[in-house]
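Dear colleague,

Please find below the structure that I am handing over to you, with its sequence. My notes on what was found in it follow directly after.

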Amino acid sequence: MSIFDLTLRPSPDVFFKKGDPNDIRLGEIAEYESEESYEKSDIVILGSPQDEGVKRNKGRSGARAAPFEVRKSFYKLVCAPE
C-alpha cells in the first residue's frame, strides 16, 4: 500500500488554467491524477482538511477548508521561464 492509496486527489476545479502559452500557471503543469505522476514528482503537496484541534480548544472551526483555499491561490501563480 502506498500513501497514494491513503489520500484523496484535489478537486480538478482547484487547478487554475489560463491557456496562454506566454503566461503559464502552476495549475497547468501540476499533475495529480495518477500514482505514476506522484512517484516521479520532486515536490508533493499534501493537505490535511480537518480542524479538530481548533474545535478542542474552543476556537473557530474552518481550518478544514485551508488545503483547498491554499491550493486555489497557489495554482494561480505564474511559472518562472526555464
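**Salt bridges**

The side chains of Arg56 and Glu52 come together in a salt bridge, with 3.5 Å from N to O. Both Arg56 and Glu52 belong to helix 4, where they stand four residues apart, about one turn of the helix. Arg56 counts as exposed because its relative accessibility is 65%, while Glu52, with a relative accessible area of 36%, is partly exposed. Please bear in mind throughout that this is a predicted model.

In total, the structure holds seven salt bridges. Another of them links the side chains of Asp51 and Arg64, at 2.7 Å from N to O. Asp51 is in the loop between helix 3 and helix 4 and Arg64 is in the loop between helix 4 and helix 5, so this pair ties together parts that are 13 residues apart in sequence. Arg64, at 45% relative accessibility, counts as partly exposed.

A further salt bridge is formed by Glu69 with Lys72, whose closest N and O atoms are 3.4 Å apart. Because Glu69 and Lys72 are three residues apart in helix 5, about one helical turn separates them. Glu69 counts as partly exposed at 38% relative accessibility, and Lys72 is partly exposed as well, with a relative accessible area of 33%.

**The largest pocket**

The volume of the largest pocket is about 880 Å³. Its lining is made up of 32 residues, and those nearest the centre of the pocket are Pro10, Glu31, Val44, Ile45 and Tyr75. Two or more lining residues come from each of helix 1 (3-6), helix 2 (26-29), helix 3 (35-39) and helix 5 (66-74). Which element gives the most to the lining of the largest pocket? Helix 5 does, with four residues. By kind of residue, the lining of the largest pocket divides into 20 nonpolar, six polar and six charged.

**A nonpolar surface patch**

Ile43, Ile45, Val70, Phe74 and Leu77 make a nonpolar surface patch of about 480 Å². Ile45, one of these patch residues, is also among the residues nearest the centre of the largest pocket. Ile43 is found in the loop between helix 3 and helix 4 (52-56). With a relative accessibility of 71%, Ile43 counts as exposed.

**Residues in the loops**

Two residues of the loop between helix 1 and helix 2 may be of use as landmarks when you view the model. Asp13 is in this loop, and at 69% relative accessibility Asp13 counts as exposed. From Asp20 to Ala30 the C-alpha to C-alpha distance is 16 Å, and the two are 10 residues apart in sequence.

The loop between helix 4 and helix 5 holds Lys58. Lys58 counts as exposed, at 76% relative accessibility.

Ala65 lies in the loop between helix 4 and helix 5 too. At 37% relative accessibility, Ala65 counts as partly exposed. Ala65 and Asp51 are 14 residues apart in sequence, and their C-alpha atoms are 8.7 Å apart in space.

With kind regards

Definitions and conventions: Residues numbered from 1 in each chain as written. Predicted model: local features only at pLDDT ≥ 70, side-chain atom pairs only at ≥ 80, totals over all residues. Heavy atoms only, no water. 1 Å grid on protein atoms, 1.4 Å probe; cavity = no way out; pocket = protein on both sides within 12 Å on 5 of 7 lines; lining within 4 Å. Points joined across faces, edges and corners; volume = space filled by probe spheres on them. Nonpolar A, V, L, I, M, F, W, Y, C, P; charged D, E, K, R; others polar. Patch = residues over 30% accessible without salt bridge, like charges linked within 9 Å, V, L, I, M, F, W, Y side chains within 5 Å. Areas by Shrake-Rupley, 256 points an atom, 1.4 Å probe, with all protein chains shown as cover. Salt bridge = Lys/Arg side-chain N within 4 Å of Asp/Glu carboxyl O. Buried < 20%, exposed > 50% of the residue type's maximum accessible area, 1.4 Å probe, protein only.
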